[in-house]
Amino acid sequence: MPSALTESGSESEPAGDPRRRIPRTDDLLALPELVAARDRLSGTVLHGLVSESQDRARRGVLSPDEVQAEVLAAVAARTATTLHPVLNATGVVVHTNLGRAPLSAAAVEALVASSGYVDVEMDLSTGQRSKRGAGARAALLAACPAEVPGGLDALVVNNGAAALVLATTALVGTGELIVSRGELVEIGAGFRLPDLITSTGARLREVGTTNRTHRADYAGALGLETAGLLKVHPSNFRVDGFTSAVPIDQLRSLADEHGLPLIVDVGSGLFTADPALPEEPDLTSALEAGADVVIASGDKLLGGPQAGILLGRAAVIQRLARHPLARAVRADKLTLAALEATLDGGPTPVSRALHADPERLRERAERLGAAVGAPVVAHEGRVGGGGAPGVPLAGWAVRLPAELAPLLRTGRTAVLPRVHDGACLVDLRCIPEPDDGRLADAIRAAQARRGTHPDTPVPDGGH
Ligand SMILES: *Cc1c(COP(=O)(O)O)cnc(C)c1O
């Protein structure tokens, strides 16, 4: 019974199963590097990295002698979040899959400053409790010059969808909400505004057609059950040609005739009109045209953290703030701090990318192209999930072979290029200029990996 002898760990074992030489869990966890990493990583994570290497040795993928080195390398490389910073080389400014808006330096500083104990709901001069998020509220009001009867007020919730749910629940209840068929938007990942609205118990009364809706359509649908009017900006698509929609001021007059609230979801969060995006509605104009409350996202064109912004007539906003649901969708201190700093700080990365000088983009692309030995081609960026569908942003890209795309994504500095027409396009619009050198290094590293493993099938996944 040689196997029984081996199992009991006899002296003659060295010739036997090499798996017995796999370092023990306790010994690995006691290595000074792993002890030092306990400040940075949880016991569960360290344990997981140890077992992963031990498993690979058990399966024969790794020699037992290599386990310790692999564990040390894995621990050194592991950060407490598995989210990887990405250089966005797609030319798409508000990229939903990359977390929408990158934050401004001021917002990042505010996040760090507010990460500990912070006076989010406390007046330090009196020691008394104060209104939560007063700074963000003041910054929103200062950013919006609209004059409305009774004055403006503002409220911040978790995201645009939560803002719409809160406004509908508090103002419409189980009544009917009238909305144009041309504005029943799917906002992404299969989520549809009509489903979101009806999930609150409100009933949707759709009027008009996909391409044309008139004032008379709204007027004809008004009845005893009507509890509000809703206008949604179709921020991610465009209907061209024979179209017509009812402007906010006309909806205002209908709402006034019947004593109804008018909710306007502008989507993207421009505070005032931007000449670069002529068709994008802004909060100020929507309020001045007569909206009782406007809704926008914090992380689209505004360039801030994920947040739902509600601005409107003071009495309406106060009604929303007092509704029990407001507590369920309330923004945290980090969001409030970053939003305030987005509004009161310097230009956001979104704004810089949208208004990037095409000539400067060309110079940077040419410098990068020369550094990596690749041609520069004209390339149009886009605003992206944030709004302004169909608005091209003229710019330039460095054209690389398509096979480089997965190597760029999985390199030490992750780069997301655009793969289009059999090419891998690297657009500098959304890359902060100080990162140009790092981007060139990442491309050269990808070129080198491709050069050394020409026949290796390239992994398709991310990290
Ligand atoms: C993006 C968008 C939403 C959803 O906002 P989130 O902040 O993503 O929850 C709602 N309405 C419109 C018109 C939008 O564009």
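1. Partly exposed, in this note, is the range between buried, which means under 20% relative accessible area, and exposed, which means over 50%. By that scale aspartate 441, with a relative accessible area of 44%, is partly exposed. Note that the model is predicted.

2. Aspartate 441 has a salt-bridge partner, arginine 444, and the N to O distance between their side chains is 2.9 Å. Arginine 444 counts as partly exposed too, at 37% relative accessibility. Both residues sit in helix H19 (residues 436-452); they are 3 residues apart, so about one helical turn separates them.

3. Salt bridges can also share partners. Glu121, Arg129, Arg132 and Arg330 are joined into one network in this way. Over the whole structure, the search finds 26 salt bridges.

4. Which parts of the chain does the bridge between glutamate 176 and arginine 205 link? Glutamate 176 belongs to strand E6 (residues 176-180) and arginine 205 to strand E9 (residues 203-207), so described as distant parts of the chain, 29 residues apart. The closest N and O atoms of this pair are 3.7 Å apart. Glutamate 176 is buried, at 14% relative accessible area, because that value is under the 20% cut-off. Arginine 205 has a relative accessible area of 34% and is partly exposed.

5. A further salt bridge joins the side chains of aspartate 435 and arginine 438, at 3.3 Å from N to O. Is aspartate 435 buried or exposed? Aspartate 435 is buried, with a relative accessible area of 17%.

6. The next points concern the largest pocket, which has a volume of about 1400 Å³. It is lined by 44 residues, and those closest to its centre are Val86, Asn88, Pro102, Cys430 and Pro432. Strand E1 (86-89), helix H6 (105-113), helix H16 (349-354) and helix H17 (358-372) are the elements that give two or more residues to the lining. Helix H16 supplies the largest share, 4 residues.

7. What is the make-up of the lining of the largest pocket, in nonpolar, polar and charged residues? The lining divides into 22 nonpolar, 12 polar and 10 charged residues.

Methods:
Residues numbered from 1 in each chain as written. Predicted model: local features only at pLDDT ≥ 70, side-chain atom pairs only at ≥ 80, totals over all residues. Heavy atoms only, no water. 1 Å grid on protein atoms, 1.4 Å probe; cavity = no way out; pocket = protein on both sides within 12 Å on 5 of 7 lines; lining within 4 Å. Points joined across faces, edges and corners; volume = space filled by probe spheres on them. Nonpolar A, V, L, I, M, F, W, Y, C, P; charged D, E, K, R; others polar. Salt bridge = Lys/Arg side-chain N within 4 Å of Asp/Glu carboxyl O. Buried < 20%, exposed > 50% of the residue type's maximum accessible area, 1.4 Å probe, protein only.
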